[in-house]
Every structure is written in structure tokens, then in C-alpha cells.
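The following note sets out several points on the model shown below.

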Amino acid sequence: MAPNQHVDIAIVGGGVMGAAIAYFLAQRGAKPLVIEGTEVAHGASGKAAGLLSPGLPHDDDDGGMLAPLLARSISLHGALAELLDGPETYDYRRYETCLVARDEAEVDHLHGRAEALSAEPVATADIPARFPWLDQPVAGGLAQGTAQIDPAKFTNRLLESARSMGASLRTGRAVGLVGGEDYVDGVELADGIVTAEQTVIALGPWSLRSAAWLDLPVPVRPLKGQILHLEATAEPPPGGFSDLDGHYVVTRPTGLVFAGTTEEEVGFDQEPTEAARDYVLETLARYTSRLGAMRVVNQTACLRPVSGDGLPIIGPAPGRRGAYLATGHGRKGIILSLATAEALVELLTEGRSTEVDLAPFDPARFGGDQ
Ligand SMILES: Cc1cc2nc3c(=O)[nH]c(=O)nc-3n(C[C@H](O)[C@H](O)[C@H](O)COP(=O)(O)OP(=O)(O)OC[C@H]3O[C@@H](n4cnc5c(N)ncnc54)[C@H](O)[C@@H]3O)c2cc1C
């Protein structure tokens with residue numbers, strides 16, 4: 001049995017969200033404890049594609065609500081890549097991708113979104129030369145300068161930096177919260193109790209479990225996605241492309257190629273499947289013949305934490321003093337981690353966030369006593 005412990009701030013979940021929150025807290029001189037059930041970046045934060053493209057896919061789903069959080073996050077990613085030596089330590093790379101239109105309706109849609117996506121239209125005839133991945137006919141596209149990272153290395157780098165500034169990590173599975181009817185003052189683990197002045201739940205899709213612990217609605221569900229890692233015999237084309245449904249190819253700095261992805265409503269199942277492999281390869285063959293000559297050397301499956309209304313859930317748990325939530329970032333959690341963490345840390349330490357307005361992401365929008 002591990003010893004009971006008291007800390008100022010406990011963060012439950014060692015994914016990108018937990019690690020980023022620990023990083024911003026430690027930067028402000030706090031000494032948070034991250035509690036992770038298995039290993040850091042064990043969930044989607046260790047297996048995601050790590051693309052920092054601001055818009056696609058499903059870029060219209062949020063009614064523009066995410067734009068300020070996205071913009072702030074992308075700017076923080078740029079700054080942090082310098083501060084934490086991102087190109088060296090977590091494969092931060094700027095690259096150019098093509099947002100592909102399959103038909104004229106999609107061309108119109110993308111062209112209308114070009115400014116919001118910080119992208120520029122490319123003449124259709126120029127696409128194969130500028131984006132050699134795209135050797136099959138497409139109706140049009142936008143060129144977008146963006147960046148990619150290795151999300152597992154990024155998450156670990158954030159937490160290592162936080163630990164070097166005084167944060168700590170405890171391996172232990174949370175099984176409940178400690179507290180009373182209207183307050184939370186810690187976390188019950190399978191092997192002990194951690195009491196804390198403030199407790200942040202950042203359990204990705206497993207945040208759903210905290211609904212019972214808090215006796216509040218926390219509508220988060222897992223949405224499975226699978227990615228193929230391919231190896232080419234010759235050097236693969238640089239850059240990548242994505243379509244409007246979130247199918248993509250990207251060449252990694254390691255020379256591996258990532259091809260994705262699926263969206264599967266299958267609960268907490270995380271097994272890679274042959275059906276997903278075939279689906280990804282068949283779907284991407286509409287755009288490129290080049291994957292056909294490559295070998296699949298790995299296939300990963302992981303779970304996006306998708307909220308009831310598609311927007312993240314960030315802020316205080318209503319009517320439960322001392323408890324906070326940071327989850328529900330769906331398909332964009334790697335990008336959104338930094339602005340989310342910055343804002344939540346402002347809330348924890350100063351009582352309000354100044355950089356971005358967290359009102360649209362308030363956990364109280366799903367109900368619960370105030
Ligand atoms: C196929 C795929 C591709 C993606 N690509 C991108 C992309 O290109 N760009 C992007 O921005 N986003 C992408 N995402 C989304 C992104 O990966 C997620 O939104 C993000 O990783 C969520 O981070 P998190 O910290 O909230 O959750 P998680 O990464 O799920 O972390 C939760 C942590 O909690 C731990 N845990 C669970 N239960 C317990 C417990 N009881 N006690 C203690 N610890 C526990 C888990 O082990 C895990 O480490 C992708 C997702 C998928 C599935």
C-alpha cells in the first residue's frame with residue numbers, strides 16, 4: 001500500500017492535458033501532483049497523429065466557438081517549440097499540407113474557409129507538382145502551412161519539464177474522489193488517498209467515470225481512431241494532405257508515413273483491426289497510389305474524448321468546490337492542450353482566465369447544481 005499524501009493540486013490523468021496543466025502550474029511556482037493509472041501518454045496522447053492543423057476535419061461543427069482557443073494554442077505551440085527545443089525533443093516540424101476537395105461543392109466550401117484556415121487556394125493543375133503525394137485527380141485544394149509533433153514525446157517532454165520545476169508524478173489508478181456533498185478535497189486511488197486543495201480531472205474519455213464520482217453529468221464518450229505507420233523503400237514525398245472527412249497522410253521527420261484514420265463508436269475497445277487497415281488504405285487510394293508500394297509496419301488504435309456537444313469541457317465542476325474538469329477535446333486535443341492548460345491554470349491560480357474566454361466550455365452547461 002502506497003502512503004497517503006497531501007498536495008496543493010492533484011491532476012488525475014497523465015495524457016497531454018494533465019501534462020500541459022502540470023507544466024503551466026509548475027511554471028508559476030506550484031508543485032502539482034500528476035496521477036496516472038498506467039504510464040504517461042498511455043492513451044490517445046501517445047498515439048495521435050500530432051497534426052497541429054487548425055481547422056479540419058469537421059471544422060464547421062463548433063460554430064466558430066473553438067477559434068480563439070485554437071489560435072492561442074497554435075501560437076503557444078510555436079513559442080514552446082523554441083523554449084523546449086521542440087524540433088530536437090519532440091519532432092516539432094513545420095510542413096505544408098494540402099486540404100483536398102473531392103468535388104466542386106467542396107472546392108467552394110474550402111475556398112470560402114481559406115482565410116479562417118490560414119490557407120491559400122492552389123490551382124488544380126498545380127496540385128500534383130506542389131504536393132507529390134496527390135497523384136490521383138482531385139477537384140481542388142488549399143495549401144496550408146502547419147506543423148506536426150510526436151505527441152508521445154511532447155507529452156513526456158511537458159511532464160519532464162514540469163517535474164524539473166517541482167511537479168511530481170504518482171502511478172496509481174483513481175477509483176473515486178474524496179470530499180463531501182458540495183466539495184472535493186482529493187482523490188481516492190486503488191492504493192491510497194491523495195488529499196488536495198484543488199483536484200483537476202483530465203482523464204480523456206475515462207473522464208466519463210468522474211460523473212459517478214461527482215454525481216454530475218460529464219458527457220464524454222470514446223471515439224476510436226486507427227492510424228497506419230508505413231515504411232517506403234525510397235524516400236517518401238514530403239508534406240501531406242487531408243480531406244474534409246479527416247482522412248490524411250503525413251510524412252514524419254523519421255521518414256515513416258502516417259495514414260489515417262477511422263471514427264468508430266465501439267466503446268472503450270482499443271484493438272487495431274484489419275477492417276480499419278483496409279478502410280484507411282482504400283479511402284486514401286482515391287488520392288494517392290503511393291501507399292500501395294509501402295509496407296505497413298505498425299497500426300495503432302486509441303480513443304478521442306468527445307463531449308456531448310462537441311466542445312471541450314474546461315472549468316470548475318458545478319457545485320463541487322475544489323474540483324475542475326479538462327476533457328472532451330475530441331479530435332483536436334494535442335493542438336488544444338496548451339491554451340486549455342494556460343487558461344485553466346489562470347483559473348486555478350487567479351480565479352479567472354484572461355487569454356481566452358472559457359465560458360463556452362463551462363462544465364455547468366450540461367446541468368448540475370450550482
Ligand atoms: C487516431 C487519432 C488521431 C488523433 N490525431 C490528432 C491530431 O493530429 N491532432 C490533435 O490535436 N489531436 C489528435 N487526436 C486527439 C487527441 O489525441 C486527444 O484529444 C488527446 O490526446 C486527449 O488527451 P487527454 O489528456 O485529454 O486524454 P488521454 O490521452 O486519453 O489521457 C488520459 C490519461 O488518463 C489515464 N487514466 C485513465 N483512467 C485512469 C484512472 N482511473 N486513474 C488514473 N489515470 C487514468 C490514461 O492512462 C491516460 O494516460 C487524435 C486522436 C486519435 C484517436
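Predicted model: local features only at pLDDT ≥ 70, side-chain atom pairs only at ≥ 80, totals over all residues.

1. Pro305 is buried, because its relative accessible area is 12% (buried means under 20% relative accessible area, exposed over 50%, partly exposed in between, with a 1.4 Å probe and protein chains only). Pro305 is found in strand 14 (strands are DSSP runs of E with at least two residues, helices are runs of H or I with at least four, and both are numbered from the N terminus).

2. Residues are numbered from 1 along each chain as its sequence is written, and side-chain values use heavy atoms, with hydrogens and water left out.

3. Which residues come nearest to the ligand? Of the 37 residues around the ligand, they are Glu36, Ser45, Leu51, Gly330 and Ile335 (a residue is near a molecule or strand if one of its heavy atoms lies within 4 Å of it). By class, this shell holds 17 nonpolar, 15 polar and five charged residues; Ala, Val, Leu, Ile, Met, Phe, Trp, Tyr, Cys and Pro count as nonpolar, Asp, Glu, Lys and Arg as charged, and the others, Gly among them, as polar.

4. A polar backbone atom of Leu51 is 2.8 Å from an oxygen atom of the ligand. For Arg331, a backbone N or O atom lies 3.0 Å from a ligand nitrogen atom, and for Ile335 a polar backbone atom is 2.8 Å from a ligand oxygen atom. Of the 1,000 Å² of accessible area that the ligand has on its own, the protein covers 95% (Shrake-Rupley method, 1.4 Å probe; for residues, only the protein chains shown count as cover).

5. Why does the ligand lie between domain 1 and domain 2? Domain 1 (5-47 + 152-218 + 308-366) and domain 2 (118-142 + 221-307) both give residues to the shell around the ligand, so it lies between them. The domain bounds come from an automatic or database domain assignment.

6. His329 lies in the loop between strand 16 and helix 9. His329 counts as buried because its relative accessibility is 5%. A polar atom of the His329 side chain lies 3.4 Å from the backbone oxygen of Thr327, and a polar contact of 3.0 Å joins the side chains of His329 and Thr340.

7. Strand 9 (residues 192-201) is mostly covered, with seven of its ten residues buried. Strand 1 (residues 5-12) runs parallel to strand 9, joined by seven bridges (two strands pair if DSSP finds at least two bridges between them), and Ala10 stands opposite Thr199. Strand 8 (residues 183-189) is antiparallel to strand 9, with four bridges, and a hairpin of two residues joins them. Strand 16 (residues 323-327) pairs with strand 9 in the parallel sense over three bridges; there, Leu325 is the bridge partner of Ile201.

Terms used:
Polar contact = N/O pair within 3.5 Å; in protein donor to acceptor, adjacent residues only side chain to side chain.
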